[in-house]
Amino acid sequence: MVPENKKLVEEVSGWLRVFNDGSVDRTWTGPPEVKFMSEPVAPHKEFVNGVATEDVIVDEPSGLRVRIYLPEQKQEGHDDNKLPIILHFHGGGFCISQADWYMYYHIYTKLARATNTIVVSVYQRLAPEHRLPAAIDDGYTALLWLRKLARGEQNEPWLLSYADFSRVFLIGDSSGGNIVHHVAARAGTVDLSPLRLAGGIPIHPGFVRAERSKSELEQPESPFLTLDMVDKFLGLAIPVGSTKDHSVTCPMGPGAPLLDGLKLPPFLLCIASKDLFIDTEMEYFEAMKKANKDVELLINKGMTHSFYLNKVALDMDPETASETEILITRIKEFIKNH
């Protein structure tokens, strides 16, 4: 029961309710048959299906945590077979989801195994309690923590034993793809050595403009992305008084730093042909090419936003499963080549 003096001021159907006292309720109220995808998965240091996981605090003052996915190795770690690191930023429109949700667990355990990499997933702060750039700050803090490990300034046994800090990749789903761009841009202004940022992989990034694109108006909405979600989540996340033309959501727009001036690693931009965001994602791709950035493009045909996170579709639809394998294979090739 909600107290009489507590009024609902914003609701994103199924996902989130915001009240006039500033409190937020993220209890899932959508179809119960898909609730399992938003359930947390407890960490397990023993190997389950070839992957072990643990949660680690990377910044004591803030309590910022990451989840580490370690693929099982037949031999102990040696310098000649150390593993690349994938630093992962989850999606959710900056407002919902956590690094331990099943929808991420099922795909990032699979990715860790398939690519033989260590995935480090960040528990980002959420809006509206923590508006942007909080989530970007958290992603960057996690990257600097990896630098501290590489320099021997901190200790994390799994990463020190198995990780190759000269091959760190950023990856992000949806709004996490926005974080990939902005963390990479910040990283280009500092000395990360001996860590090397080897690449960025934004998957279906939430790049938009204040004015609706043609694809937003014409492409079908999906379980993971509706126009209502776009408007309300971003309204709760971007700085007060800003529009969707803000640099976080429109890095190719006039309000953002010029792409030409950014020092960015090679990028693999992954998009879906039926994504509401495809027009603005392609605008970003073309702007990156015009700025002479090293950027590759993967388009999953016939797929909607974040299709690979939908475990129900992966199990029920052969085409979704096939396109997910194409996505993972291309990510594997990108990591191998960098």
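Here are some questions and answers about how terms apply to this predicted model.

The model is predicted, so local features need pLDDT of at least 70, side-chain atom pairs count only at pLDDT 80 or more, and totals for chains, interfaces and linings use all residues. Residues are numbered from 1 along each chain as its sequence is written, and side-chain values use heavy atoms, with hydrogens and water left out.

Q: Why is Thr249 called buried?
A: Buried means under 20% relative accessible area, exposed over 50%, and partly exposed in between, with a 1.4 Å probe and protein chains only. Thr249 has a relative accessible area of 0%, so it is buried.

Q: What does Thr249 touch, leaving out residues up to four places away in sequence?
A: Contact means heavy atoms within 4.5 Å. Thr249 touches Asn178, Gly206, Phe207, Val208, Leu234, Ile238, Thr243 and Lys244. With Lys244 there is also a polar pairing: its backbone oxygen lies 2.8 Å from a polar atom of the Thr249 side chain.

Q: Why do β2 and β3 count as paired?
A: Strands pair if DSSP finds at least two bridges between them. Strand β2 (residues 16-19) is joined to β3 by 2 bridges, so the pair qualifies, and the two run antiparallel. Val18 has Val24 in β3 as its bridge partner.

Q: What makes β1 and β3 edge strands?
A: In the open sheet of 3 strands, the order is β1-β2-β3. Strands β1 (8-12) and β3 (24-25) each pair on one side only. Strands here are DSSP runs of E, at least two residues, and helices are runs of H or I, at least four, numbered from the N terminus.

Q: What makes a set of residues a nonpolar core, and how many residues has the largest?
A: Such a core is a set of buried Ala, Val, Leu, Ile, Met, Phe, Trp, Tyr and Cys residues joined through side-chain atoms within 4.5 Å. The largest has 111 residues, and Trp15 is among those with the most contacts inside it. Helix α2 (residues 134-150) gives the largest share, 9 residues.

How values were computed. Polar contact = N/O pair within 3.5 Å; in protein donor to acceptor, adjacent residues only side chain to side chain.
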